[in-house]
Every structure is written in C-alpha cells, then in structure tokens.
Amino acid sequence: MEIINAIGRRKSAVARVYLTEGTGKITINKVELSKYFPSAILQYVVKQPLELLEVAEKYDIKANLDGGGFTGQSQALRLAIARALVKIDAEDKKALKDKGFLTRDARKVERKKPGRPKARRRFQFSKR
C-alpha cells in the first residue's frame with residue numbers, strides 16, 4: 001500500500017495527514033500523540049474515526065499540524081484522518097458521514113470592526 005495523504009482544516013488550524021500500513025502509531029510534528037495532546041479528550045477526538053471503523057491498530061499516521069489552538073488542531077486532524085480513510089475504502093464514507101467526521105466546520109473568528117470594541121459588541125449607548 002502506498003502513502004495516502006489528506007488535508008483537514010478547522011478554525012485557523014491546518015492538518016496534513018500521511019497514512020501508511022503499520023501498527024497504529026500516530027506521530028504529529030515528529031512528536032508522539034500522547035506528548036503532543038496530553039489531554040485524554042483531545043486524544044479521543046483524534047482517534048474517533050479510527051475507533052469507529054475499528055482500524056486503530058492497522059495504520060500508522062504521520063501528521064503536520066500548523067496554526068490554531070489545540071482544539072482546532074485536534075478537530076482538523078480528525079477531519080484529515082477521516083478523509084484519508086475514505087480514500088482507502090469508499091465503503092466507509094457513509095459511517096463516517098453519519099457521525100459527522102467528514103463535515104468541514106467552517107466557523108472562524110469574526111474580524112474586529114472599526115469603531116467597535118469587538119466584532120459585534122458596541123460601546124454603551126448614552127441618550128444624554
């Protein structure tokens with residue numbers, strides 16, 4: 001099996017994933033998953049598509065993560081892994097789509113507008 005690559009984005013985070021056959025090792029920016037994401041919740045988020053299809057021990061994953069915070073990065077990585085798994089076997093698409101792992105969450109931080117303290121917040125109105 002050749003290397004399968006896919007990309008995932010969330011907020012301002014970008015994840016590039018390279019999937020190969022292996023033993024289930026996940027490496028992010030040349031660091032082990034448990035060291036990169038010490039939080040068990042974020043590790044769970046990353047592994048969700050693998051656990052759903054029961055292929056966690058079948059593939060090695062190398063990922064390059066860039067931008068954003070840890071939540072955005074973990075969700076970008078989940079999307080990239082799900083897309084790579086669909087490239088390997090198109091039969092899995094329905095199961096992943098039903099759980100929402102193939103949906104790109106397009107929400108981003110809205111920019112600050114001029115003459116306002118934040119994006120939508122206005123200064124207090126004074127009638128007199």
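The chain holds 4 helices and 5 strands, and since this is a predicted model, everything below describes that prediction. If you walk along the sequence, the elements come in the order β-β-β-β-α-α-β-α-α. The radius of gyration is 18 Å, well over the 14 Å that the globule rule gives for 128 residues, so the chain is more spread out than a compact globule. Along the principal axes, the C-alpha atoms fill a box of roughly 70 × 30 × 25 Å. Buried residues account for 34% of the 128 residues.

Let's step inside. The largest nonpolar core has 31 residues, and Leu77 and Leu85 have the most contacts within it. Two or more residues come from each of β1 (4-10), β2 (13-21), β3, α2 (40-53), β5 (59-66) and α3. Of these elements, α3 gives the most, with 8 residues.

Among the buried residues of α3 are Gly72, Gln73, Ser74, Leu77 and Leu85.

Now turn to strand β3 (residues 26-28), where Thr27 sits. Thr27 has a relative accessible area of 18%, and because buried means under 20%, this residue counts as buried. Setting aside neighbours within four places in sequence, Thr27 is in contact with Ile61, Lys62 and Ala63.

Across the chain, 67% of the contacts with a separation of 6 or more join residues 24 or more positions apart.

Terms used: Residues are numbered from 1 along each chain as its sequence is written. This is a predicted model: local features need pLDDT of at least 70, side-chain atom pairs count only at pLDDT 80 or more; totals for chains, interfaces and linings use all residues. Side-chain values use heavy atoms; hydrogens and water are left out. Buried means under 20% relative accessible area, exposed over 50%, partly exposed in between (1.4 Å probe, protein chains only). Contact means heavy atoms within 4.5 Å. A nonpolar core is a set of buried Ala, Val, Leu, Ile, Met, Phe, Trp, Tyr and Cys residues joined through side-chain atoms within 4.5 Å. The radius of gyration is taken over C-alpha atoms; the globule rule is 2.2 Å times the number of residues to the power 0.38.
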